[in-house]
Amino acid sequence: MELGAVLEAVEGRGSAEAVERVLARYNEENRTIFRFDPADEDKRKKLCEGILNILEKDTKTSCQVACLEALRILSRDKKVLVPVTTKGNMQILMRLAKLDAVEDPLERVSEFPVIVEALKCLCNIIFNSAVAQKLSLELNLAAMLCNLLEKYIRSQLRQELQGVQVLTQALESSLSVRWTEEYKAAEDRDRLPLSLQETDCAIEALKALFNVTLDSWNVHSENESHQFRYMAAILRHCLLTMGPTEDKTEELHSNAINLLSNVPVSCLDVLIKPSSQEETDIKYNGMNMGAIQILLDFMEKRIDKGSSYREGLTPVLSLLTECCRTHRNIRKFIKAQVLPPLRDVSNRPEVGTTVRNKLVRLMTHVDLGVKQIAAEFLFVLCKERVDSLLKYTGYGNAAGLLAARGLLAGGRGDHWYSDDEDTDTEEYKSAKPNINLITGHLEEPMPNPMDEMTEEQKEYEAMKLVNMFDKLSRDELIKPMGVRPDGTMAPLEEAVSQYHTNKQDSSDSD
């Protein structure tokens with residue numbers, strides 16, 4: 001929508017209904033905008049001023065929400081915050097957020113959409129403006145917010161309101177869950193997608209539950225276990241539910257995955273619990289794997305996006321890793337898709353379009369957190385066996401994980417897995433002798449360049465290489481390293497000394 005038309009309506013040349021209608025359309029068109037046209041900077045500043053002038057007056061709730069949504073979108077641009085960051089304007093937003101709830105306690109406030117949007121605006125403005133940060137100190141905003149949370153929400157949520165149960169029921173209601181048996185929701189393949197309002201309600205409930213259950217890994221009572229299994233069953237239904245648009249579906253699933261990460265891993269078996277009344281095309285060992293398939297598809301979609309791996313990809317990878325570590329059927333189902341039996345080893349493990357290729361590429365990503373969780377996921381799929389991991393990834397790609405875990409000398413991780421062994425294909429067995437262990441793929445034998453050298457030439461090249469390494473060592477550009485008997489890295493002299501000591505001790509006899 002033309003920014004000039006929005007500005008004209010906001011500056012008083014239209015009725016309140018017209019302002020609300022224009023801003024609602026502007027908000028819908030710019031909901032996902034984070035980069036703005038520099039040419040319209042002055043218009044956006046005036047629009048911020050006009051919106052704040054409207055908010056200062058006593059207007060109806062729906063108009064306030066539209067104004068605050070527009071201001072939240074505009075506040076993503078640091079350059080237009082000058083007219084916003086005044087003491088008076090900050091106090092307007094604080095009043096709408098009910099941060100000073102002395103006269104109007106939070107229990108009696110009905111305009112929650114206004115409160116939520118005002119708080120979002122304050123978050124954006126304070127994050128993007130140094131002036132607003134100073135004003136927030138002057139206005140004691142942080143103390144007021146903490147006091148509000150402590151006084152009206154946190155204590156009631158945990159003690160009086162039983163927040164987890166209430167929010168879980170709200171999520172169940174927004175998804176219209178129908179139960180067929182304990183922890184099992186009915187699946188209707190012909191069900192219509194959720195409406196926009198239902199999707200937004202479910203997303204907000206998921207976000208609230210995530211904050212409430214953030215430290216809930218340890219379940220100590222039967223009642224807690226029941227509550228989390230009940231929640232996991234609803235989240236399974238949520239993963240199998242579609243939103244009104246593809247973007248909304250992805251947002252819904254993303255928040256469900258974040259919340260699943262807070263559910264104790266022992267309760268996640270609900271995700272694959274079988275049911276005699278249920279028909280599905282995705283089964284493994286009699287278990288319904290529909291939700292796990294959604295997680296795998298979500299993971300691959302996030303990898304294909306190629307950006308924001310830490311925020312978008314690591315939650316689902318962490319969740320899948322813990323599921324595979326604890327639940328055998330989930331691990332075997334995922335491994336069949338991610339690490340199927342090797343047949344063609346002519347290409348490097350990181351080259352290609354399969355899920356394995358994509359994950360192996362992440363093992364050398366520049367972001368340490370991303371590379372660690374990708375490597376950990378593949379390691380768990382290989383039952384934490386070094387030889388199995390190297391078969392699928394090559395030593396070069398796996399070296400970072402093995403060095404961090406002290407497994408450069410081989411072996412396996414600390415967790416116990418079932419004893420069933422992987423079987424190699426005939427194609428892999430025949431190619432195995434010629435596979436380069438570093439790159440992890442089949443290489444044709446290369447001619448030896450030293451075959452045509454004389455002894456003098458070989459000696460010259462050897463001394464040349466020694467001198468190069470010596471210079472690099474003296475300049476401290478490299479440091480020779482070795483592997484200790486326990487599989488960890490150490491300076492070469494220390495590793496060799498420890499190796500000889502261990503060898504001598506093992507040869508001693510009484």
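Of the 510 residues in the chain, 44% are buried (under 20% relative accessible area, with exposed over 50% and partly exposed in between; 1.4 Å probe, protein chains only). This is a predicted model: local features need pLDDT of at least 70, side-chain atom pairs count only at pLDDT 80 or more, and totals for chains, interfaces and linings use all residues. Residues are numbered from 1 along each chain as its sequence is written, and side-chain values use heavy atoms, leaving out hydrogens and water.

The chain holds 23 helices and eight strands (DSSP runs numbered from the N terminus: H or I of at least four residues for helices, E of at least two for strands). Among contacts (heavy atoms within 4.5 Å) with a separation of 6 or more, 69% join residues 24 or more positions apart.

Turn to helices H17 (residues 355–362) and H18 (residues 368–381). Their axes come within 8 Å and cross at roughly 135° (lines fitted to C-alpha atoms over the stretch in contact, with angles from 0 to 180 degrees between N-to-C directions). H17 is therefore oblique to H18 (angles under 35 degrees are roughly parallel, over 145 roughly antiparallel, 65 to 115 roughly perpendicular, the rest oblique).

Which residues meet? Leu 359, Val 360 and Leu 362 in H17 meet Val 370, Lys 371, Ala 374, Phe 377 and Leu 378 in H18.

Beyond residues up to four places away in sequence, Thr 314 touches Tyr 309, Val 370 and Ile 373. Thr 314 lies in helix H15 (residues 314–326). Its relative accessibility is 16%, so Thr 314 counts as buried.
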